Amino acid sequence: MIEIKELTKKFGDFTAVDNISFHVNKGEIFAFLGPNGAGKTTTIKMLTTLLKPTSGQIFVNGHDAVHNEHAVRKSFGIVFQDPSLDDELTAYENMELHGVLYNVDRHALKGRILELLEFVELLDRKDKIVKSFSGGMKRRLEIARGLLHHPKVLFLDEPTVGLDPQTRNHMWSYIENLSKKEKITIFFTTHYMEEAEKVAQKVAIIDHGKLVAQGTPEELKKQTKTNSLEEAFLKLSGHGIRDEQSTSVDHMRQNRKMWSRR
Amino acid sequence: MNTITILWKRQLLRYFRSTPRIIGSLGQPLLFLVVFGFGFGPIFQKAGGGDYVQFLVPGVIAMSILFSAIFTGIEIIWDKQFGFLKETLVAPVSRLEIMIGRTLGGATVSVIQGLIVMALSLIIGFKINLSLLPLALLFMILIGILFTALGTAIASLLDDMQGFQLIMNFLIMPIFFLSGALFPIDNIPEVLKIITRLDPMTYGVDGLRNALTGVGVFSIFTNLVVMIILTIILMFIGSYLFSKIEI
């Protein structure tokens, strides 16, 4: 479903993603792990056509992400690390807008939206402005939105960050349910290793832009002779804390509460 | 409904839902109208300039459109990270459609803002030339599109709000103050005169004033041609830079 071949992305002299290759099978739940600044988000951006690779090839649902970006865009849904809902619109309006952008059949659209809102238990809130939603509700709405156009792959970039354990659990059960019921391929990143261990069928670990390991959580534990994925992860990527340079985005993220007029 | 109309509709929905924003952004033009209109009015009259309110109102209408339009464009900086922009950028639609939808939405909102200021100015005694009202509206729309596109172009180049103050003080404020919105630009020092002629806003203000009150430095035709050409150029630059945004 997803195939990456010798993918490299350079920003000037800095190599963010260094010659990585892997593939994800249809219907698989795939965890893409790595410390801060390892190249996770850069890889997701390339997979989702937001960034162009320096070299290498990406295929999503059989389409080339560089030369056939619209076909790729139709094939996936995404939940970003930072919220991307329009806070001033209602849940329904956010969904409707997505439906129009993805050219979902107009007659089927309404039914599909209601069905998905039901699925994420937001149906009774469909006409409420998103601004009034909690973090967990927004995430659920984003998941529902990402599924609206019947994607083959769902990308989740740190979907559970900042959510309480209850909401997190709830969310993963949705997602597992989804992959079982609709055979959607799930590709996610997270910093919570126990989450990845519990949910993912396959795991890839990236560090300093290079793929350091991939396999099932069991295989990785066996390979590193450890008892949990967290230990395996630390063994593979080292215990040193990463000094990721703070970017303007981090500042904006910090200031967001202050600025959140929307 | 297609991409352009739904993005346009989105801007309108957002505008009408945000009452504080509507009221807030009327504060500045009202202050200008009252303080400058009545404060400088007597001097302007004594100096032989005629009724200052008549002179000032088109400038202040243009001002409210300018600021409102620029802000809609600049919003993209914020939107890049914490907002809806990403959602549109990964959708299977072209960047050009996104840019056009947003710009038309922003322009519509700012023209509505301008119309509200116009209505308020009638209360303080502004007399309008009704026969050329459609032409006045056309100038308002052009100002709206031109500056939303400019805001979009700027926002596409900036990564955070740090540069915003710089843009405000060194670009937007000069564009406004040097446009002839507040003072006549025919009898001023030569250098200033040249600068005002290089300011796109000058032609918007002059055209609007000409259509509303029949007084202007340039002919309506000149203003219209200059504004249309500049709007097209800015739309091109804006779309180009918007298409180059990498998140």
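1. Ground rules. Residues are numbered from 1 along each chain as its sequence is written, while chains are lettered from A and ligands numbered from 1 in the order in which they are written. Because the model is predicted, local features need pLDDT of at least 70 and side-chain atom pairs count only at pLDDT 80 or more, whereas totals for chains, interfaces and linings use all residues.

2. The contact between the chains. Chain A gives 26 residues and chain B gives 24. Contact here means C-beta atoms, placed from the backbone, within 7 Å. On the side of chain B that touches chain A, helix 1, helix 3 (52-82) and helix 4 (85-89) each supply at least two residues. Helix 1 of chain B has the largest share, six residues. Helices are DSSP runs of H or I with at least four residues, strands are runs of E with at least two, and both are numbered from the N terminus. By class, this side of chain B has eleven nonpolar, five polar and eight charged residues. Nonpolar covers Ala, Val, Leu, Ile, Met, Phe, Trp, Tyr, Cys and Pro; charged covers Asp, Glu, Lys and Arg; the others, Gly among them, are polar.

3. Helix 3 (residues 91-101) of chain A and helix 1 (residues 3-17) of chain B have axes that come within 9 Å and cross at roughly 160°. That makes the two helices roughly antiparallel. Axes are lines fitted to C-alpha atoms, for helices over the stretch in contact, and angles run from 0 to 180 degrees between N-to-C directions. Angles under 35 degrees count as roughly parallel, over 145 as roughly antiparallel, 65 to 115 as roughly perpendicular and the rest as oblique. A:L97, A:V100 and A:L101 meet B:T3, B:I6 and B:R10.

4. Burial of helix 3 of chain A. Ten of its eleven residues are buried, so this helix is largely enclosed by the rest of the structure. Buried means 20 or more other C-beta atoms within 10 Å of a residue's own; exposed means 12 or fewer, and partly exposed lies in between. Among the buried residues are A:E93, A:N94, A:E96 and A:H98. The cover includes helix 4 (106-119) and helix 5 (135-147) of chain A, together with helix 1 and helix 4 of chain B. Just after helix 3 of chain A, A:N103 has a positive phi of about 55°.

5. A helix pair inside chain B. Helix 2 (residues 19-46) and helix 5 (residues 95-123) of chain B pack at about 40°, with axes 11 Å apart. They are therefore oblique to each other. B:S25, B:L26, B:P29, B:L30 and B:L33 of helix 2 face B:Q113, B:I116, B:V117, B:L120 and B:S121 of helix 5. This contact has seven nonpolar, three polar and no charged residues.

6. The core. The largest nonpolar core holds 129 residues, and B:A62 and B:L66 touch the most other members. Such a core is a set of buried Ala, Val, Leu, Ile, Met, Phe, Trp, Tyr and Cys residues joined through C-beta atoms within 7 Å. Helix 3 of chain B gives the most to this core, 17 residues.

7. A buried loop residue. A:A200 sits in the loop between helix 7 (193-199) and strand 9 (202-207) of chain A. A:A200 counts as buried, with 22 C-beta neighbours inside 10 Å. Leaving out residues up to four places away in sequence, A:A200 touches A:I29, A:F30, A:A31 and A:P217.

Terms used. Two residues are in contact if their C-beta atoms, placed from the backbone, lie within 7 Å.
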